[in-house]
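Subject: A structure to look through

Hello,

I am handing over a structure that I have been reading through, and I would be glad if you kept it open while you go through my notes. The notes follow after it.

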Amino acid sequence: MKNLVVLISGNGSNLQAIIEACQKQTIAAQISAVFSDNPTAYGLERAKQAAIPTVVLPKADYADNHTYDVSLMAEITHYQPDLIVLAGYMRILTPRFVSHFLGKIINIHPSLLPKYPGLDTHRKALANGDKEHGTSIHFVTEQLDAGPIILQAKVPIFAEDQLQDIIARVQTQEHRIYPLVINWFVKGRLAMVNNSAFLDGCKLPEHGYANDED
């Protein structure tokens, strides 16, 4: 069975969706370990409740990102992951880490990339009067939130929406599409080739697979 390693920093709602999908075998893999840079992340409790090993590497214990990622890379390698899944992991990975696992790291980002890379995406969409928002799953490359997009899901923004309304709507889609994409990878259907995402041997378009056809 394929091995997943999941990296989190906070609540872990996407982690929970992945755990449940593995339990139901809608993801044909097992989570070998959950890593966090935050000792108080609730996602660690979710992992423990599912009897999944956890590894905490507090960022305060390391002098800089380089020494942190050297340690993280060594610890992750111990679990021999077929895929590293970023699920609300807030640290920016170093180029050395990314190059070591290139093509085996995916991330979910709460915007319709390339729009709104980085933080506070929901607030930016609301403040700018956007009519739609969404989430993107992409392969991780050295450039922040700029790796090849695999799949996006859009949600509407209504005039009366508050920030929490948008967050909840986006998370509903995230919990649906992230397990789907992970299963594509572990089934050998999805790969990154020459900095492009390929599904079933076909290069995906710039904004990824059309999610209404999955």
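Please bear in mind from the start that this is a predicted model.

Helix H2 spans residues 42-49, and its buried residues are Gly 43, Leu 44, Arg 46 and Ala 47. These four lie on the same side of H2, because they cover an arc of only 155° around the axis. In an α-helix there are 3.6 residues a turn, so residues that are three or four places apart point the same way. Lys 48 and Gln 49, by contrast, are exposed on the other side of H2. After H2 comes Ala 51, which has a positive phi, near 60°.

**How H1 and H2 meet**

When two helices pack, they are described by the angle between their axes and the distance between the axes. For H1 and H2, the axes come within 9 Å and cross at roughly 15°. Angles under 35 degrees count as roughly parallel, and H1 and H2 are therefore roughly parallel to each other. Their crossing is right-handed.

**Strand S6 and its neighbours**

Strand S6 (residues 132-139) is mostly covered, with seven of its eight residues buried. Strand S5 (residues 105-109) is joined to S6 by four bridges, and the two run antiparallel; within this pairing, Ile 108 has Ile 137 of S6 as its bridge partner. S6 is also joined to strand S7 (residues 149-156), here by seven bridges and again in an antiparallel arrangement, and His 133 stands opposite Val 155 in S7.

**A sheet of three strands**

Finally, there is an open sheet of three strands in the order S8-S9-S10, paired in antiparallel fashion. Strand S8 (190-193) and strand S10 (202-203) are its edge strands, each of them pairing on one side only. Between S8 and strand S9 (residues 196-199), which run antiparallel, there are four bridges, and Val 193 stands opposite Ser 196 in S9.

Best wishes

Technical notes. Residues numbered from 1 in each chain as written. Predicted model: local features only at pLDDT ≥ 70, side-chain atom pairs only at ≥ 80, totals over all residues. Heavy atoms only, no water. Buried < 20%, exposed > 50% of the residue type's maximum accessible area, 1.4 Å probe, protein only. Arc of directions from axis to C-beta. Pairing = 2+ DSSP bridges. Axes fitted to C-alpha atoms, helices over the stretch in contact; angles between N-to-C directions. Parallel < 35°, antiparallel > 145°, perpendicular 65-115°, else oblique. Left-handed = near helix turned anticlockwise from the far one by under 90°.
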